[in-house]
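The sequence and structure come before the details.

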Amino acid sequence: MAEHRPCTARNETPLQRADRNFVELLQELRVTQTGVQILFAFLLSLAFTSRFGDLDTVQRVTYVVTLLLAVLAAALFTAPAALHRSLFQQGAKPRIVQVSSRLATTGLSVLVFAFSGSVLLVVDVTTGRTGGIIAGVATFLVCVGLWGVLPRLVRRAGLRGEADGFGERAGEEPEGGGVEIPAPMRRTVGQTSGLRGAQAHPETSARHR
């Protein structure tokens, strides 16, 4: 029975937390799967165009590798649904969430290379090899920056804010009736309360007199 007790700041049990995390993960996968589907459809249709026969060896290799990366990313993003269906009602929801999160993270890593390869191929065909390489590298850096570096910076900023006293502590109710009071102001508030108490004592003593 201990595993069903509330264990988080949201006052939810481990199973409830696993359910919420899995729903949030599915919402994220819906966003990423849209991009993968568009990319995969574009790559499939590209092989049946009239200009595809004019591609050189490097461009054909880039196309095949990018197509396989898109397929792998799509498989990784759909794996959580298949995993959940295979282990449905077997009490493995927390484990499903952990494995699905790793699959989604791996899928994002593969998708970075698929996006970069597709941009490299298109720009290479339209403008030239040098422009394609520059565009592919730029796409790779943008994806890495937005998907990898930015979350780390946001997390670091949040931890720094909590260390400075401006963040809300998990499982604790903020002071002041639900309003968070910054650490530098808490001492001032305490002093003000002390002054009010000191002013109240003379009034009380005067009444007794």
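T66 is placed in helix α2, which covers residues 57–86. The model is predicted. Its protein chain contains five helices and zero strands.

**Overall fold**
- In sequence order, the protein chain follows the pattern α-α-α-α-α.
- The protein chain has 209 residues, and buried residues make up 23% of them.

- Is T66 buried or exposed? T66 has a relative accessible area of 2%, and it counts as buried because that value is under 20%.
- The T66 side chain makes a contact with the backbone oxygen of T62, at 2.7 Å.

**Nonpolar surface patch**
- Which residues make the nonpolar surface patch of about 460 Å²? They are V142, L146, W147, L150 and V154.
- One of these patch residues, L146, belongs to helix α4, which spans residues 129–163.

**Positive surface patch**
- R152, R155, R156 and R160 form a positive surface patch.
- R156, one of the four arginines in that patch, lies in helix α4.
- The relative accessible area of R156 is 51%, so R156 is classed as exposed, the cut-off being over 50%.

Note on methods. Residues are numbered from 1 along each chain as its sequence is written. This is a predicted model: local features need pLDDT of at least 70, side-chain atom pairs count only at pLDDT 80 or more; totals for chains, interfaces and linings use all residues. Side-chain values use heavy atoms; hydrogens and water are left out. Patches are made of residues with over 30% relative accessible area and no salt bridge: like charges are joined within 9 Å, nonpolar side chains (Val, Leu, Ile, Met, Phe, Trp, Tyr) within 5 Å. Accessible areas come from the Shrake-Rupley method with a 1.4 Å probe; for residues, only the protein chains shown count as cover. A salt bridge is a side-chain nitrogen of Lys or Arg within 4 Å of a carboxyl oxygen of Asp or Glu. Helices (H or I, at least four residues) and strands (E, at least two) are DSSP runs, numbered from the N terminus. Lys and Arg count as positive and Asp and Glu as negative; His and the chain ends are not counted. The place of a charge is taken as NZ of Lys, CZ of Arg, CG of Asp or CD of Glu. Buried means under 20% relative accessible area, exposed over 50%, partly exposed in between (1.4 Å probe, protein chains only). A polar contact is a pair of N or O atoms within 3.5 Å; within protein, one must be able to donate a hydrogen and the other to accept it, and residues adjacent in sequence count only if both atoms are side-chain atoms.
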